[in-house]
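Please look over the sequence and the structure before reading on.

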Number of protein chains: 2
Amino acid sequence: MLYKQYQDIRYLLLESREDLPEQATDVPLDFLSIIESSGSSVVCTGDDHSTRRCKFRNLCYLPDEDHFLFFHGQSTILEGLPEDRFNPALLDFSSVKNHNTQYFNYIDVPSESARSILGRPTVISTRSLLFRRFNPSNIMHAFHDDLLPMFHTLRLITLHDSTTMPFDVQIVFMDNADHGSFSHLYGLYSSSRPITKRDIQDAGETICFREAHVGLDKSMTWYQYGFFEPQGPLPDIHVTSSHIAHFANFTRHRLNLTNQASPSTKIAVILSRKHNRLILNELSLSSNLAQQFNLKVVLVSLETHTAAEIIETIGQADLLVGMHGSLFIMSLFLPPGSVLLELFPYGVNPKHYTPYKTLANIQRITYHSWRNLNKDHAVPHPYRPRELGGIAHLDADLQGQITNSVEVPRHLCCRDPEWLFRIYQDTIVDIDAVISIIRSSPSETKPPLPPSVIMPSLVLDIHCDISAHSLRLGFTEPWNLELLDARLVQYEVWIQDVDSQVTSAWVLTRTFHDFALDSDSERRVWVRCVLDETLRGPFNQDPVLCNE
Amino acid sequence: MLYKQYQDIRYLLLESREDLPEQATDVPLDFLSIIESSGSSVVCTGDDHSTRRCKFRNLCYLPDEDHFLFFHGQSTILEGLPEDRFNPALLDFSSVKNHNTQYFNYIDVPSESARSILGRPTVISTRSLLFRRFNPSNIMHAFHDDLLPMFHTLRLITLHDSTTMPFDVQIVFMDNADHGSFSHLYGLYSSSRPITKRDIQDAGETICFREAHVGLDKSMTWYQYGFFEPQGPLPDIHVTSSHIAHFANFTRHRLNLTNQASPSTKIAVILSRKHNRLILNELSLSSNLAQQFNLKVVLVSLETHTAAEIIETIGQADLLVGMHGSLFIMSLFLPPGSVLLELFPYGVNPKHYTPYKTLANIQRITYHSWRNLNKDHAVPHPYRPRELGGIAHLDADLQGQITNSVEVPRHLCCRDPEWLFRIYQDTIVDIDAVISIIRSSPSETKPPLPPSVIMPSLVLDIHCDISAHSLRLGFTEPWNLELLDARLVQYEVWIQDVDSQVTSAWVLTRTFHDFALDSDSERRVWVRCVLDETLRGPFNQDPVLCNE
């Protein structure tokens, strides 16, 4: 095992030297001489440690000490660093905001000491992205905290414009987990296999990155887990339906899932849990859905299907149903127009646990929740381990309080016993209620938002003259107007009397007009195009002068 | 000529396809298909149009229309754009802040129209940097506005760590000037010849950039020219002596100027003007300097020397003297410990025109100015063209006012007649005064600032115990301490009583200490290393608990 990992890292080095000639020529034959004289460099963007990302030249990592080293030399650039990078840190090393176990920093070293400290380092010449996965054994966390932010960060770094080819970036997981059960997913996005901190430590070699991008862009995340306040959507959500669709399409491509025409039969997918938080009447729910809606019902779970199979199945689903849980993250792959129904056990308020509702809203997909209000249909498990909802370890009063409570009060992450007790209940789902909720779904699909905003360009050839208390104005429509799909084209015209400085504003729908004036004094004119009453193009930068 | 430029651009394309295999593999065989489906992308950094720089994928330029086009497609990323990129602009296209003739913007286009708009574009695959030179025919503007900002921007883009090899970036000047008289200097920094907008327009071909960096980093500039307020140093100056030294060394390397050991004879360089603003007793000044200071005096001017020769000569100078003027920008290349003396004509207050004084302060070089206070030693030229100080076109009153004024009042750029009248005077320099000023120079050299700040790392292995009202604390010094050159090593220790929450702070010079306590209750301890009383390392993130 030790030997194998060692080989892997050596292989990366060789690979980059032999297969990527561009980078090989960029790598000095004697890396140590270069780092000794030139040193490391860093350029960061972002205003604080939670928005900051940094790009390093010649960043080294000592596996035994778990230290990153920055060599200060002749060519060192330090750009975009905070006043105090220890308060609290240079940047968040995972996508989770300000989690104090997820900070990144480095140790300053004079470049003259490079040779004695580094020995014979392994040099990674390929552009690399280093970050910490947050909880890679949980599929929801894998997608929300790691894969989506990683994908978007890779796009920002490379501006890669293929929708099918993987990124030519070496991914390095600096958390302490091994490759994990979703390593297949984590490996989809890059042309080379990710390496983990464990791989580096097992190899026992100092490793230096010629170009290390450190940290993840957080703009693809939409949910916070309740470390500082009860869990909920993030205050500023930037991710859009087209971001999600782009990620889902890319992922499907990388899994070789062709976007099949959806089959003639409609499909419902039930997310089935096998060990806990069960739907006790799952079979009955399944057959009722099939009969009532004339659907083919498919049960999926991570115990019975691979992630790729689930992604493929969900990509064809018209309806997705299941008990609240991490597998709902697969709704990332739901097609437009589908309907999602999330079921909650007794005592759990759906309004307080909205990662998937928030996602569905972003995707513009119809979302419903159902909550078990019938205590008789809830089966709690007070004698299970506490992390699975057991409460036998608590004193009798507290146990009574929990079992008598009708709703879990809002709470912080991650060990609230009442929350765990309720969320790990099994449930007999009220099938009639579920069917009536699904029936209430609006039949029309929400139109996807346009991927980006296209603005009209400058109005051209503005000309005007004044005679007999009239200003005759004409201009040419914006260069890009004929390429755009505007419902309504208007022109905003501002006319300023040079003498009185009085300005009047007008809206035209044509490219010429005669304006009545109260005097023939000189006028200044600005014109801009406005599409659909919202997309405002630029005004002419210098005013056009109109004279008699 | 037309054909030649056309060839040049085609060559760039071929060059990048054949010599840069990495980029060639990255270039789709059918660029139009890619741009048609994927579109363009842009990622910007910076908070407003004056600090913003953008990186584009697939940015195209139509030479006939002088338009940049951005194609909105499936893979389009828009990141870091302002709410309204027309108010006033996306970014400054030159290094001069907010100059309204120097704005950059692009026109939005749907990607489906790429094929019909672009025809058969020339595709530049090499990473490119696009900007406008501000005034490339003036050596001062060339260095301050273009070359220094360009060099630094190239460093930020590439994190290039060679101190001698040119940058592998295609430079594109989007101003309207031709290559100009300093094209040799402008071509020093890149491995390929820069192209100008005129080249592109002469070739008449649409040109698309696979990776276009647009705009210059302004942090290397130190002076504003008086467009909004009278000229003077910029309010925030970020450029340091090591930035200047790095630029100067790199430039010398690219000019094949070896850093010769300075000759045994001391050298004075006189910046000699040949056409106007003359030193009328230049010969006498020269011989007096030689005699008084036992110096070899060298007269240099752009009429008699190439820029490279001047750079070489100034690199060995102990003293630099001349009339205020653009050639003083060559003081960028003065060695440490040299002395600079700037002479000003009658009526011109040196305090109001400080580009070179500011530079000398940045470089930590001794700066002096001398001002002609003797009107009899000033020779004005009222009958020359107005841009060379002529005032004959003004009415007699105004002429009288100007000739009787003893000092040019502060003024805006760029056509103030009194300023031009005075600054274009010739001068008989007071040689005794000049000699006495030079004699007054401090003999010691200001030490250069350290290139970057090296902080101590975490204090290690903090351990403590409490017994009999005493807290025994020990720890291990920071990992990087033995690599650093600290005069004074101290440790800041914070001790918090867990019961009372009272915290006390201490400074130690050793890595162990016994603290007297008023009780044996539990304590929390934080320790950090402080070097030379200013460089504060990180505290241990989690407090160390001390118990009995």
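## Charges over rings

B:Arg133 is placed over the face of B:Tyr186, 5.5 Å from the ring centre. A charge is taken to sit over a ring if NZ of Lys or CZ of Arg is within 6 Å of the ring centre and within 35 degrees of the ring normal.

## Basis of the description

The model is predicted: local features need pLDDT of at least 70 and side-chain atom pairs count only at pLDDT 80 or more, while totals for chains, interfaces and linings use all residues. Residues are numbered from 1 along each chain as its sequence is written, chains are lettered from A and ligands numbered from 1 in the order in which they are written, and side-chain values use heavy atoms, with hydrogens and water left out.

## Domains of chain A

Chain A is assigned domain 1 (27–221), domain 2 (232–380 + 425–440) and domain 3 (460–546); such bounds come from an automatic or database domain assignment. Taken over C-alpha atoms, the centres of domain 1 and domain 3 of chain A are separated by 53 Å.

## The parallel sheet of chain A

In chain A, 5 strands in the order S16-S15-S17-S18-S19 make up an open sheet with parallel pairing. Helices (H or I, at least four residues) and strands (E, at least two) are DSSP runs, numbered from the N terminus, and two strands pair if DSSP finds at least two bridges between them. The edges are formed by strand S16 (295–300) and strand S19 (366–371) of chain A, each of which pairs on one side only. From one strand to the next, the twist averages 20°. Strand S15 (residues 266–271) of chain A is joined to S16(A) by 6 bridges in the parallel sense, and A:Ile270 stands opposite A:Leu299 in S16(A).

Two helices accompany this sheet. Helix H9 (residues 282–293) of chain A packs on the sheet and touches S15, S16 and strand S17 (319–323) of chain A, with its direction at about 155° to that of S16(A). Helix H14 (residues 431–439) of chain A lies across S17, strand S18 (339–344) and S19 of chain A and runs at about 160° to S19(A). Contact here means heavy atoms within 4.5 Å; axes are lines fitted to C-alpha atoms, for helices over the stretch in contact, and angles run from 0 to 180 degrees between N-to-C directions.

## The antiparallel sheet of chain A

A further open sheet of chain A has 3 strands in the order S22-S23-S26, paired in the antiparallel sense. Its edge strands are strand S22 (460–466) and strand S26 (512–516) of chain A, each pairing on one side only. On average, neighbouring strands of this sheet are turned by 15° against each other, direction ignored. Strand S23 (residues 470–476) of chain A and S26(A) run antiparallel and are joined by 5 bridges; A:Ser470 stands opposite A:Ala516 in S26(A).

## Strand S27 of chain B

Of the 9 residues in strand S27 (residues 523–531) of chain B, 7 are buried, and the strand is thus mostly covered. Buried means under 20% relative accessible area, exposed over 50%, and partly exposed in between (1.4 Å probe, protein chains only).

S27(B) pairs in the antiparallel sense with strand S24 (residues 489–497) of chain B over 9 bridges, and B:Trp494 stands opposite B:Trp526 in S27(B). Antiparallel pairing also links S27(B) to strand S29 (residues 544–546) of chain B over 3 bridges, where B:Arg524 stands opposite B:Leu545. With strand S28 (residues 535–536) of chain B, S27(B) pairs over 2 bridges, and the two strands form a hairpin with 3 residues between them. B:Asp532 in the turn has a positive phi of about 50°.

## Aromatic pairs

The structure holds 58 aromatic pairs over all chains. Rings of Phe, Tyr and Trp (its six-membered ring) pair if their centres lie within 6.5 Å; planes under 30 degrees apart count as stacked, over 60 as edge-to-face and the rest as tilted. The ring centres of A:Tyr189 and A:Phe247 are 5.7 Å apart and the planes are at 10°, so this pair is stacked. Both A:Tyr189 and A:Phe247 are buried.

B:Tyr223 and B:Tyr225 form a tilted pair, 6.3 Å centre to centre with 55° between the planes. B:Tyr223 is buried at a relative accessible area of 4%, and B:Tyr225 is buried at 12%.
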